[in-house]
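These are my notebook entries on one chain. I record what I looked up, item by item.

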Amino acid sequence: MTNAARTTATKRVPMDSMRRTALVAGLFYLITFISIPTLALYGPVKSDPAWILGSGSDSGVLLGTVLELIVALAGIGTAVALFPVVRRQSEGFALGFVTTRVVEAAMIFTGVVSLLSLVTLQQDLGAAAGAADAPSLVTTGASLTATYNWTFTVGQSLMPGLNALLLGTLLYRSGLVPRALPMLGLIGAPLLITATVATMFGAVEQYSALGGLAALPIAVWEFSLGLYLTFKGFKSTSPIMMAAAAESGGADGPASAGPA
C-alpha cells in the first residue's frame with residue numbers, strides 16, 4: 001500500500017449520528033422477525049386443549065416466550081431510535097408511533113405471561129391432576145390460551161397496522177427513505193387493520209390464511225425498511241438530513257449519512 005493510500009484509509013469519514021440512528025433502527029426491525037418460529041413452537045398448546053394435563057416437554061413454549069420478549073423490546077427500540085429523527089417531520093405523528101409500539105410490546109408481554117402461567121400449571125398440576133380436577137384445568141388452560149390469542153391479534157396484528165400508518169406517513173413526507181417503502185406500508189396497513197377488525201367480529205378466523213395474506217404486505221414493509229436502514233441509512237437528499245448537516249456545521253456534509 002502506498003503512502004497516499006494509507007493516508008486516504010486513515011482519513012475516512014466516520015459514521016455520523018444520523019447514520020448510527022438508521023443502523024440501530026434497522027437492526028431492531030430485523031430482530032423483530034426472530035419470533036417467526038413461535039408459529040410452530042406454540043402449535044401443541046394451541047391445537048390440544050388437554051395440553052395442560054400432559055407431562056410432555058414445554059421447552060418449545062418457553063423458547064417461544066423468550067423470542068417474543070426479545071421482539072417486544074426490539075419493537076420499542078425501533079421507536080426510541082427513530083423518534084429523534086421523525087419528530088422533525090411531525091412530533092404528533094412521532095409520539096403516536098412510539099405509543100403504538102409501546103402498546104404492541106405491552107400486548108406481547110401480556111400474552112407471554114399467559115403462556116408462562118399455562119406452563120406453570122402444566123408443570124405443577126397437569127400430570128398429577130385427577131379425573132375430578134381435569135375439567136377445571138382444561139378450562140383454565142383454554143382461558144389462558146384464548147388470552148394469548150387475543151393479545152396476539154391486538155398486539156401483533158392491529159398495532160403493526162397503526163404503526164405502518166404513522167411511520168409510513170412520516171417517512172413518505174420526509175423523504176428519509178425511497179417513497180416506495182412507506183407506500184408499501186401505507187397500502188398494507190388498511191388491509192391488515194380491516195382483517196383484524198373482521199377477526200374481532202368473527203368474520204375471519206384467527207390465524208387463517210386470509211389473515212396471513214393481509215399481514216404479508218406489512219411484514220414485507222418492515223423487513224424491507226430494516227434492510228434499507230441497516231445497509232443504506234437515511235437518504236442524504238431528505239430535507240431533514242440536509243437540515244441536520246447544516247446544524248452540525250456542514251463538517252461532514254450530507255454525504256456522510258450514506259453507508260459507512
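Entry 1. Buried charges. I began with E222 and R101, and I find both of them buried. The model I am reading is a predicted one. E222 and R101 form a salt bridge, with 3.9 Å between the closest N and O atoms. I note that E222 belongs to helix α9 and R101 to helix α6, so this pair ties together parts that are 121 residues apart in sequence. Through shared partners, salt bridges join R101, E104 and E222 into one network.

I then followed R101 to E104. Their salt bridge has its closest N and O atoms 2.9 Å apart. Both residues lie in helix α6, which spans residues 91–126, and they are three residues apart, about one turn of the helix. R101 is buried, and E104 is buried as well.

Entry 2. Remaining salt bridges. How many salt bridges does a search of the whole structure find? I count three from that search. One of them pairs E91 with R87, where the closest N and O atoms are 3.0 Å apart. I looked up the accessibility of both partners. E91 has 39% relative accessibility and therefore counts as partly exposed. R87 has 38% and therefore also counts as partly exposed.

Entry 3. Overall composition. I list ten helices and zero strands for the chain. Read along the sequence, the pattern is α-α-α-α-α-α-α-α-α-α. The chain has 260 residues, and 43% of them are buried. I also looked up the sequence separation of contacts. Of the contacts in the chain with a separation of 6 or more, 80% are between residues 24 or more positions apart.

Entry 4. α7 against α9. Two packed helices are described by the angle between their axes and the distance between the axes. Helix α7 covers residues 134–174 and helix α9 covers residues 209–231; their axes come within 11 Å and cross at roughly 50°. I therefore record α7 and α9 as oblique to each other. Their crossing is left-handed. On the α7 side I list P160, A164, L167, G168 and L171, which meet I218, W221, E222 and L225 of α9. The residues of this contact of α7 with α9 divide into seven nonpolar, one polar and one charged.

Entry 5. α2 against α9. Helix α2 (residues 17–31) and α9 have axes that come within 7 Å and cross at roughly 145°. This crossing is also left-handed. α2 contributes R19, A22, L23, A25, G26, L27, Y29 and L30 to the contact, and α9 contributes E222, F223, L225, G226, L227, L229, T230 and F231. By class, the residues of the contact of α2 with α9 divide into eleven nonpolar, three polar and two charged.

Entry 6. K235. I located K235 in the loop between α9 and α10, the latter being residues 239–247. Is K235 buried or partly exposed? With a relative accessible area of 30%, K235 is partly exposed. K235 and R19 are 216 residues apart in sequence, yet their C-alpha atoms are 9.9 Å apart in space. Leaving out residues up to four places away in sequence, K235 touches G175, L176, V177, P178, Y228 and M241.

Entry 7. V85. I placed V85 in helix α5, residues 59–86. Its relative accessible area is 2%; V85 is therefore buried, the cut-off for that class being under 20%. V85 and F234 lie 149 residues apart in sequence and 9.9 Å apart in space, C-alpha to C-alpha. Apart from neighbours within four places in sequence, V85 is in contact with M18, T21, L176, F234 and I240. L176 is also listed among the residues that K235 touches.

Entry 8. Backbone at Y207. Most residues other than glycine have a negative phi. For Y207 I find phi near 60°, a positive value in a residue other than glycine. Y207 sits in the loop between α8 (180–200) and α9. Y207 has 39% relative accessibility and therefore counts as partly exposed.

Methods. Residues numbered from 1 in each chain as written. Predicted model: local features only at pLDDT ≥ 70, side-chain atom pairs only at ≥ 80, totals over all residues. Heavy atoms only, no water. Axes fitted to C-alpha atoms, helices over the stretch in contact; angles between N-to-C directions. Helix = DSSP H or I, 4+ residues; strand = E, 2+ residues; numbered from the N terminus. Parallel < 35°, antiparallel > 145°, perpendicular 65-115°, else oblique. Left-handed = near helix turned anticlockwise from the far one by under 90°. Contact = heavy atoms within 4.5 Å. Nonpolar A, V, L, I, M, F, W, Y, C, P; charged D, E, K, R; others polar. Salt bridge = Lys/Arg side-chain N within 4 Å of Asp/Glu carboxyl O. Buried < 20%, exposed > 50% of the residue type's maximum accessible area, 1.4 Å probe, protein only.
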